[in-house]
Amino acid sequence: MRLTNVAQMTLPTGRLRSLEVRAVPQRAERLPVSFDQARHVGEGDRPGSWMAIAVRLPLPVIDQDVAAAWAAVCARHGTLRTVFERAGGGEVALHDADLTVGPWVEHDVGDRATRDVVREVLDGACRPFASPAHRLCLVEPAPEADDPRPAVLLAADHAHVDLWSLVVLVRDLVACIDDVRRGAEPGGRLPPSPAFADHTAALRARPPAPGHVRRRWADILEAEGGVMPLFPLPLGDVSAPTPEVVEVRDVLDADGAARFADVAHGRGVRMIALAMSVLTRATREVAGAPLRAVFPVHSRYEDRWHDAVGWFITNAVIESYDTDPRTCAAAVREALGLGSWPLAPILAPWGGMPQAPGMFAVSWLDTRRLPVHLDPALDVQYVSAATRTDGVMVWFVVNDSGLHLRCRYPGTPQARANVGAWLDAVEGGLVAAAEGR
């Protein structure tokens with residue numbers, strides 16, 4: 001597994017094609033739109049709003065089999081059969097759509113890097129209002145390639161997927177390809193997959209957050225001047241988004257991550273709490289401030305959503321002053337609780353999510369704990385788009401190969417210096433913690 005972005009990912013040189021899918025919206029009925037979907041899509045069509053996963057498929061690969069399998073995957077997951085459209089009053093509407101899969105479209109690579117052409121394809125196809133907003137690309141290596149296995153990329157606008165969903169999509173595609181080859185019904189052996197719109201409706205039906213949750217949200221936002229948490233050091237001029245810098249660091253290998261987990265267990269906490277302890281210490285040392293950040297959490301609160309595809313992520317906030325791992329464990333539990341309620345009513349006093357330039361977010365995912373798994377032989381790459389940004393986003397991912405981080409921040413001189421110093425402190429702290437220091 002590799003964390004990367006489209007400007008840094010590894011793809012073979014060879015023939016590049018994408019599978020065209022046509023969508024005809026059914027406008028008779030509108031589907032519910034989640035809080036985060038409304039925010040994301042409401043910002044309008046733009047390049048770089050997608051996320052993707054790339055794998056190498058075992059030979060032989062027949063394009064007709066891949067097309068038939070992808071058609072089955074699209075039929076299986078409701079969000080892939082939905083289309084956003086503009087509605088009155090600045091709102092967005094979501095409709096079911098009828099899909100037609102095929103034909104394959106050839107993309108001339110010439111002497112360019114394959115990933116550069118892929119970026120153009122996905123920037124054009126996977127926009128919020130694209131119809132549909134997803135694309136499958138197939139790269140067949142040149143005959144002289146050392147690895148002849150084709151690469152497949154599955155990409156979609158973020159409104160339709162999260163990282164967990166990308167794992168589900170690859171699992172389902174591989175299973176459906178196998179079914180097509182065997183002459184079986186594609187996906188017939190897979191568990192049921194409810195539509196994401198059903199999850200949005202179920203979340204809306206939940207009771208409103210109790211008073212103490214709303215008060216805690218208010219406390220943290222007011223501590224930041226009425227906005228979502230900001231990176232605690234200057235980022236330079238971020239009044240408008242600037243070209244991003246993306247750093248990917250392989251912090252701990254598998255053995256190091258195992259030692260880190262042992263140290264956490266010895267302190268009576270999980271890995272995430274020990275990591276938050278390190279982040280708290282780094283933030284205090286580098287910025288002289290507490291750790292306060294947006295803290296994305298998943299909303300797959302029932303087993304029935306584990307095999308579904310959609311944007312099952314909601315936002316919480318985490319605040320940590322004390323570096324003691326047990327205290328950090330309590331901060332994580334609090335953040336999970338703050339993210340367990342419908343956000344629209346909580347954030348209504350601020351007119352919605354009060355996002356400001358410099359917003360700081362920290363995400364943690366241990367893929368080993370997911371109920372969906374991929375064969376390491378697929379050489380999985382999690383791929384983010386290249387975009388412009390005015391904030392700092394850090395992803396920590398733990399998997400069988402170790403502990404990795406990816407950070408996106410504005411490409412200003414101050415951000416390079418200050419975010420870089422914070423990342424150095426975090427990386428050094430994680431390594432030290434794994435060594436028991």
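This is a predicted model: local features need pLDDT of at least 70, side-chain atom pairs count only at pLDDT 80 or more; totals for chains, interfaces and linings use all residues.

Visitor: Which residues have the most contacts inside the largest nonpolar core?

Guide: In soluble globular proteins, nonpolar side chains tend to be buried together. Here the largest nonpolar core has 66 residues, and W217, M276 and F396 have the most contacts inside it. Helix α8, residues 271–287, gives the largest share of this core, with nine residues. A second, separate core has 42 residues, including L19, M51, W164 and L378.

Visitor: What is F396 in contact with, beyond its neighbours within four places in sequence?

Guide: Its contacts include L279, V362, W364, L403, V426 and L430. Also among them are S363 and H404.

Visitor: How should I read a pocket?

Guide: Rolling a probe the size of a water molecule over the atoms shows where empty space is left. The second largest pocket has a volume of about 510 Å³. Its lining consists of 24 residues, with V33, S34, F35, D36 and R204 nearest the centre. By class, 13 of the lining residues are nonpolar, seven polar and four charged.

Visitor: Which element supplies the largest share of that lining?

Guide: That is α5, with five residues. At least two residues each come from α1, α5, β10 and α10.

Visitor: And why does T242 count as buried?

Guide: Buried means under 20% relative accessible area. T242 counts as buried because its relative accessibility is 14%. T242 lies in strand β8, residues 242–253. Leaving out residues up to four places away in sequence, T242 touches D237, T387, R388, T389, P410, G411 and T412.

Terms used. Residues are numbered from 1 along each chain as its sequence is written. Side-chain values use heavy atoms; hydrogens and water are left out. A nonpolar core is a set of buried Ala, Val, Leu, Ile, Met, Phe, Trp, Tyr and Cys residues joined through side-chain atoms within 4.5 Å. Buried means under 20% relative accessible area, exposed over 50%, partly exposed in between (1.4 Å probe, protein chains only). Helices (H or I, at least four residues) and strands (E, at least two) are DSSP runs, numbered from the N terminus. Contact means heavy atoms within 4.5 Å. On a 1 Å grid over the protein atoms alone, a cavity is a set of points where a 1.4 Å probe fits but cannot get out, and a pocket is an open set with protein on both sides within 12 Å along at least five of seven lines; lining residues have an atom within 4 Å of a point. Grid points are joined across faces, edges and corners, and a volume is the space filled by probe spheres set on the points. Ala, Val, Leu, Ile, Met, Phe, Trp, Tyr, Cys and Pro count as nonpolar, Asp, Glu, Lys and Arg as charged, and the others, Gly among them, as polar.
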